[in-house]
Amino acid sequence: MLDRRNRRDRRGVLPPHVPVPMLVLSAFIVLGVILGYVFALRSLQGSNGELKRYFDAFLSGGVNKPFSARTLGETLLCYFRAPILAFLLGFASIGVIALPLLCACQGFLLSYSLFCFALSLGRGSFPLLLALFGIRLLAVLLCTLLLGNASLDKSRALLSLSLGGGGRGRAVSYGSAYWYRFGICCVCLLFAALLELWLAPQFLLLAAS
């Protein structure tokens, strides 16, 4: 009798289910990060110092580069493109395939850029890398993962509905939580982008000095 009660208590403490979609998307992000590191290492080995000269020119030019609408637009595009695409894929059954690929691609792009900088500029560039990539890595990957997790559930429901013959199956419902999550992520991404635009010039000045 006590054993049965203990087993029920343990089942109540454990999570009701393993978040498989989140684990799958996280695995693809990690895969993209690893591939980004490998390709960055190969690019550095085959560039014969060209990457180092390019980044030095980028840093020296970034100090005197004024803030502009183009800079703001490019930064917002880098922050919002993957999360918005992850959100929109929740309205299509193809998201079952496209969302893991999107996570892998986003992990690769951020990782490749980060490791190209890190391997070219050395350990002394850590504060600069933290300003240029730390905020972006945290905000973009986290929001993409959160939105992708919710979208993957919707895409799976749409796919099962399509494979069911398109009859009178129950329509996929997008509740308020789905839209609230998207709105909160957009606010966080906008704040992170503006924070990066403010911090990056400060650290570029520090690196140039």
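# A guided tour of an all-helical model

Begin by selecting Leu147: apart from neighbours within four places in sequence, its contacts (heavy atoms within 4.5 Å) are Pro83, Ala86, Phe87, Arg181, Phe182 and Cys185. The model is predicted, so local features need pLDDT of at least 70 and side-chain atom pairs count only at pLDDT 80 or more, whereas totals for chains, interfaces and linings use all residues. Residues are numbered from 1 along each chain as its sequence is written, and side-chain values use heavy atoms, with hydrogens and water left out.

**The whole chain**

Next, colour by secondary structure. The protein has 7 helices and 0 strands; these are DSSP runs numbered from the N terminus, with helices being H or I of at least four residues and strands E of at least two. Of the 209 residues, 34% are buried, where buried means under 20% relative accessible area, exposed over 50% and partly exposed in between, with a 1.4 Å probe and protein chains only. Among contacts with a separation of 6 or more, 85% join residues 24 or more positions apart.

**The nonpolar cores**

Select Leu25, Tyr79, Leu99, Leu102, Leu147 and Leu189. Within the largest nonpolar core, which has 28 residues, these touch the most other members. Such a core is a set of buried Ala, Val, Leu, Ile, Met, Phe, Trp, Tyr and Cys residues joined through side-chain atoms within 4.5 Å. At least two residues of this core come from each of H2, helix H4 (69-88), H5, helix H6 (126-163) and helix H7 (176-208). H6 supplies the largest share, 9 residues. A second, separate core has 8 residues, including Leu114, Phe117, Leu129 and Leu132.

**Pro100**

Move to Pro100 in helix H5 (residues 95-121). Pro100 is buried, at 8% relative accessibility. Neighbours within four places in sequence aside, Pro100 is in contact with Leu25, Phe28 and Gly95. The C-alpha atoms of Pro100 and Val24 are 7.3 Å apart, although 76 residues separate the two along the chain.

**Salt bridges**

Now display the charged side chains. The whole structure holds 3 salt bridges, each a side-chain nitrogen of Lys or Arg within 4 Å of a carboxyl oxygen of Asp or Glu.

- Select Glu196 and Arg136, whose closest N and O atoms are 2.4 Å apart. Glu196 lies in helix H7 and Arg136 in helix H6, so the pair ties together parts that are 60 residues apart in sequence. Glu196 is buried at 5% relative accessibility, and Arg136 is buried at 16%.
- Select Glu74 and Arg70, which form a salt bridge with closest N and O atoms 3.1 Å apart. The two are 4 residues apart in helix H4, about one helical turn. Arg70 is exposed, at 65%, whereas Glu74 is partly exposed, at 36%.
- Select Asp153 and Arg156, whose salt bridge has its closest N and O atoms 3.4 Å apart. These residues are 3 apart in helix H6, about one helical turn.

**Cysteines**

Turn to the sulfur atoms. The structure has 0 disulfides, a disulfide being a pair of cysteine sulfur atoms within 2.5 Å. From Cys143, the nearest cysteine sulfur is that of Cys185, 3.9 Å away. Cys143 is buried, with a relative accessible area of 6%. For Cys188, the nearest cysteine sulfur is that of Cys143, at 5.6 Å; Cys188 is partly exposed, at 41% relative accessibility.
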